[in-house]
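Dear colleague,

Please find the structure below, handed over for your attention. A written account of the findings follows it.

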Amino acid sequence: MLYPQQNDLRNTLDLSGFWDFRLDAGEVGEQEEWFNGLKASRIIAVPGSWNEQFQDTRDYLGVAWYARQFYAPKGWQGQSTWVRIGSANYVAKVWVNGIQVGEHLGGYLPFDLEVTRHLVWDRPNTIVMRVENKLQPTRVPPGNVPRGPFGAFMGRYPNTNFDFFPYAGLQRPVILYSVPPVRIQDVTVVTEIEGGDGIVRVAVARSGGEAEGRLCLAGEHAPGTCALKFVGDVADLAIRVPKARFWSPEDPYLYNLEIVLTQQGQAIDRYALEIGIRTIAVRRDALLLNGKPIFLKGFGKHEDFPVHGGGLDVPLIVKDYALLKWIGANSYRTSHYPYSDEAMMMADREGILIIDEIPAVGLSFEDGEENIRLRLEQCKQDIRELIARDKNHPSVIMWSVANEPMPADMMKRFLGGGAEAPSSSAGTTFFAKLFQLVRALDPTRLVTLAGVMGGPVEWLAMCDVVCVNRYWGWYTQSGQLDAGAAFLERELDGLHDALKKPIIITEFGADSIVGLHSDPPEMWTEEYQVEMLRRYLDVAQRKPFIAGLHVWNFADFKTPQSTSRSWLNRKGVFTRERQPKMAAYFLRERWGGK
């Protein structure tokens with residue numbers, strides 16, 4: 001899961017760009033051996049969602065094929081060569097020169113496949129991928145769920161069990177890369193603070209054979225170069241940085257960490273990381289960064305923009321982080337799936353705190369043990385892959401294992417019967433296993449889930465920080481802002497009395513249509529959105545146990561078609577094109593944006 005890196009000993013070749021593309025609605029491609037190359041194809045951009053690039057693919061989620069040719073540089077011979085697919089939603093099979101080299105189940109996370117044996121060096125190579133994004137109840141996130149609250153109640157098309165568009169295809173870069181035969185396989189960095197000193201603990205895993213190693217930590221008061229001593233194929237080292245400069249939103253200082261493997265004094269592999277020295281913890285009602293209370297101000301977001309859909313857009317990442325700073329935010333949640341590597345790198349550099357979430361949105365527990373088991377296994381895979389990818393980012397302070405999971409009696413709870421409604425024991429067992437896995441893989445960060453209105457309190461009790469999504473005054477108490485705020489205040493007091501933990505409201509907000517106004521405020525107007533945000537912020541200000549507020553949403557985003565959505569979910573304080581609404585100016589004034 002180390003991100004491919006170009007240096008004097010490693011190589012990368014970005015295969016992004018124009019690919020051949022062909023739909024396979026009849027699923028005949030494998031039988032007809034399309035993996036040898038595509039005929040009757042058209043051109044598609046990678047990365048990018050296929051739904052936004054053509055008129056006939058907007059709602060298509062079935063099988064499609066990608067292909068392109070490339071030369072493998074002759075200078076790479078003798079190294080181990082891999083292909084890294086940044087994200088293929090949802091199932092991908094990969095062929096190189098007609099030979100299947102692997103497959104992957106699950107979207108939004110990268111996977112690597114070794115292709116060394118299958119490459120040719122004197123003529124073009126062909127890489128072909130078969131990708132499909134079918135909505136199925138056993139997938140994460142699920143779709144076409146019988147009696148699902150979204151599809152059945154709101155009449156969605158496509159029939160997702162979640163409230164964002166199910167973009168499909170190769171949505172992040174495809175990178176060919178080479179590494180030395182004896183190489184750095186993995187790096188894990190954990191930081192601690194002792195007084196004014198920082199402690200940087202580094203674990204390096206090597207593979208392919210014997211090698212010595214050294215580590216260089218560069219930055220303010222960093223000690224420089226240290227020797228690595230391997231026991232087996234793992235070397236552990238603790239480095240003290242006196243008077244360290246701690247990473248924070250106010251000062252996102254990054255140290256440079258470089259690891260070098262050597263044989264007979266000659267460097268044979270190197271890998272570099274930017275790391276931040278920081279700690280995250282909970283004490284009573286407070287969230288602590290570097291031992292000091294911090295209040296999260298920010299948003300839920302989506303990777304969504306016209307034309308490329310959910311595809312990587314580096315200029316958009318720059319724009320969004322600039323807007324976060326402009327409005328005074330210091331954090332966001334990767335709702336409701338892991339975001340790109342590039343977004344995480346930018347968060348490290350800009351000092352934005354991240355609640356990192358797997359794609360477990362829309363989970364339910366009423367369709368039998370086997371379906372629940374299949375979703376559990378996929379969630380476990382997603383957790384392992386996400387932590388392996390993002391474990392070294394100082395910006396990531398919390399893992400989220402689900403968004404708005406729904407017990408069997410969800411509609412009764414949602415309509416106000418939550419206090420008396422029975423809990424879902426299947427869900428309780430499910431989340432206990434996920435929390436246990438996260439804490440075993442990474443005991444240094446906090447773990448949570450974002451609870452739906454009326455969701456079981458015992459699921460929230462497993463969290464280090466209680467995260468709740470609340471829409472009193474919108475979906476219920478509709479049009480009644482004061483009533484919604486009063487209900488919110490009573491509920492927050494009750495949750496804190498029961499759980500005695502800090503609470504973050506990870507979603508709250510109202511849809512607004514740009515240019516629609518009313519006095520007094522009415523639903524769907526910009527004034528109503530502002531007033532709803534104002535009341536929630538006022539309630540939170542009176543509660544010392546509230547550790548953060550994440551407005552839903554940063555920007556308007558595309559959803560499936562339904563009578564409940566006017567083409568987009570319009571709860572953004574920015575439009576889909578990133579123009580500010582009245583709510584953005586209100587939050588900027590309230591949060592001290594610059």
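**Helix pairs**

H4 and H6 are roughly parallel to each other, because angles under 35 degrees count as roughly parallel. Their axes come within 10 Å and cross at roughly 20°; axes are lines fitted to C-alpha atoms, for helices over the stretch in contact, and angles run from 0 to 180 degrees between N-to-C directions. H6 covers residues 425–441, and H4 covers 369–390. Helices (H or I, at least four residues) and strands (E, at least two) are DSSP runs, numbered from the N terminus. H4 passes H6 in a right-handed crossing, that is, one in which the near helix is turned clockwise from the far one by less than a right angle. The contact (heavy atoms within 4.5 Å) includes Ile372, Leu376, Cys379 and Ile383 of H4 and Phe430, Leu434 and Leu437 of H6. By class, this contact of H4 with H6 has eleven nonpolar, no polar and four charged residues. Here Ala, Val, Leu, Ile, Met, Phe, Trp, Tyr, Cys and Pro count as nonpolar, Asp, Glu, Lys and Arg as charged, and the others, Gly among them, as polar.

The model is predicted: local features need pLDDT of at least 70, side-chain atom pairs count only at pLDDT 80 or more, and totals for chains, interfaces and linings use all residues. Residues are numbered from 1 along each chain as its sequence is written, and side-chain values use heavy atoms, with hydrogens and water left out.

A further pair is formed by H8 (residues 481–499) and H9 (residues 526–541), whose axes come within 10 Å and cross at roughly 30°. H8 and H9 are therefore also roughly parallel to each other, and their crossing is right-handed. Among the residues that meet are Leu481, Ala485 and Leu488 in H8 and Tyr528, Met532 and Tyr536 in H9. The contact of H8 with H9 divides into eight nonpolar, no polar and four charged residues.

**Pocket and cavities**

On a 1 Å grid over the protein atoms alone, a cavity is a set of points where a 1.4 Å probe fits but cannot get out, and a pocket is an open set with protein on both sides within 12 Å along at least five of seven lines; lining residues have an atom within 4 Å of a point. Grid points are joined across faces, edges and corners, and a volume is the space filled by probe spheres set on the points.

The second largest pocket has a volume of about 540 Å³. Its lining has 27 residues, of which Tyr3, Leu273, Met345, Asp348 and His393 lie nearest its centre. H3 supplies the largest share, six residues. By class, the lining of this pocket has 14 nonpolar, three polar and ten charged residues.

The whole structure holds five cavities of 30 Å³ or more. The largest cavity has a volume of about 180 Å³, and Lys301, Glu303, Leu316, Ile317 and Asp320 are the closest to its centre among the 18 residues that line it. H2 gives the most to that lining, with four residues.

**Backbone details**

A cis peptide bond joins Val46 and Pro47, with omega of about 5°; Pro47 is found in the loop between S3 and S4. The peptide bond from Trp552 to Asn553 is also cis, with omega near 15°. Ala40 has a positive phi of about 55° although it is not a glycine.

Yours sincerely

Terms used
Parallel < 35°, antiparallel > 145°, perpendicular 65-115°, else oblique.
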